[in-house]
Amino acid sequence: MSVDTAGFRKALGQFATGVTVVTTRDAAGLPLGLTVSAFCSVSLHPPLVLVCIDHRSEANAGMRESGLFAVSVLAEDQEEASRRFALPGRSKVDGFQFVSGRLGLPLVPGALAHVECRVRSFHDEGDHAVWVGEVRSLSAHPGRPLLHHAGGYRRLEAGRSGKGGGDRL
């Protein structure tokens, strides 16, 4: 039984994800970055995270060369940054005002969280590289995340007080 690409995307698009920008530097120290929704925790001890990056992205070479990468978890008002870093090519970083992390990695300012990692392992699977990073530095800030579901950006709806609290999709 074969699975067609459109059906695969439609089915997996029903899984709501957060939106991140993964960044690194190339051999010359120039920033590289791309929008990634395939990000998750792997282990608490040691602290490990995983990102999956399309083979066509130049970020793969940068991560191999530098041995480092960072993940910026985008806030709900950062859709423009997500769209920018989803574009192909290196020009998407031109003129973008990154902040520098503790490991010297470029980070998206205003993100809800920054996670800086040393590459622990990677391997190729299908049309993506699977990267596992050991967390070396992190920060978190209050706010609401930018989400992606069924091919579009979504935001959490503010919870109503007295009705169980919290935020809802």
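Strand 6 (residues 68–73) and strand 9 (residues 113–125) run antiparallel to each other, paired over 6 bridges. Before going further, keep in mind that this is a predicted model. Within that pairing, V71 has V115 of strand 9 as its bridge partner.

Strand 9 also has a partner in strand 10 (residues 128–140), again in the antiparallel sense, this time over 12 bridges. One of the bridges there joins A113 to A140 in strand 10. The two strands make a hairpin with 2 residues between them, and G126 in that hairpin takes a positive phi near 60 degrees. If you're tracing side chains along these strands, remember that in a regular strand they alternate between the two faces of the sheet.

Now for the N-terminal end of the chain. Helix 1 (residues 5–12) is hardly covered, and the count of buried residues among its 8 residues is 0. D4 caps the N-terminal end of this helix, with a side-chain oxygen 3.3 Å from the backbone nitrogen of A6.

On to the charged side chains. A search of the whole structure turns up 7 salt bridges, and the table gives three of them.

| Pair | Closest N to O distance |
|---|---|
| R144 and E76 | 3.4 Å |
| E79 and R83 | 2.9 Å |

Take R144 and E76, which form a salt bridge. R144 sits in the loop between strand 10 and strand 11 (147–149), while E76 sits in the loop between strand 6 and helix 3 (79–85), so the pair ties together parts that are 68 residues apart in sequence. Neither end is hidden away: R144 counts as partly exposed at 22% relative accessibility, and E76 is partly exposed too, with a relative accessible area of 24%.

E79 turns up in two rows of the table, so where do E79 and R83 lie? Both are in helix 3, 4 residues apart, which is about one turn of the helix. R83 counts as partly exposed, at 49% relative accessibility. R155 is partly exposed, with a relative accessible area of 38%. Through shared partners, salt bridges join E79, R83 and R155 into one network.

Last, the cysteines. How many disulfides does the structure hold? The count is 0. C40 is in no disulfide, and the nearest cysteine sulfur, that of C52, is 7.3 Å away. A disulfide would need the two sulfur atoms within 2.5 Å. C117 is in no disulfide either, with the nearest cysteine sulfur, that of C40, 12 Å away. Are these two residues buried or exposed? C40 is partly exposed, with a relative accessible area of 34%, whereas C117 is buried at 0%.

Key: Residues are numbered from 1 along each chain as its sequence is written. This is a predicted model: local features need pLDDT of at least 70, side-chain atom pairs count only at pLDDT 80 or more; totals for chains, interfaces and linings use all residues. Side-chain values use heavy atoms; hydrogens and water are left out. Buried means under 20% relative accessible area, exposed over 50%, partly exposed in between (1.4 Å probe, protein chains only). A polar contact is a pair of N or O atoms within 3.5 Å; within protein, one must be able to donate a hydrogen and the other to accept it, and residues adjacent in sequence count only if both atoms are side-chain atoms. Two strands pair if DSSP finds at least two bridges between them. A salt bridge is a side-chain nitrogen of Lys or Arg within 4 Å of a carboxyl oxygen of Asp or Glu.
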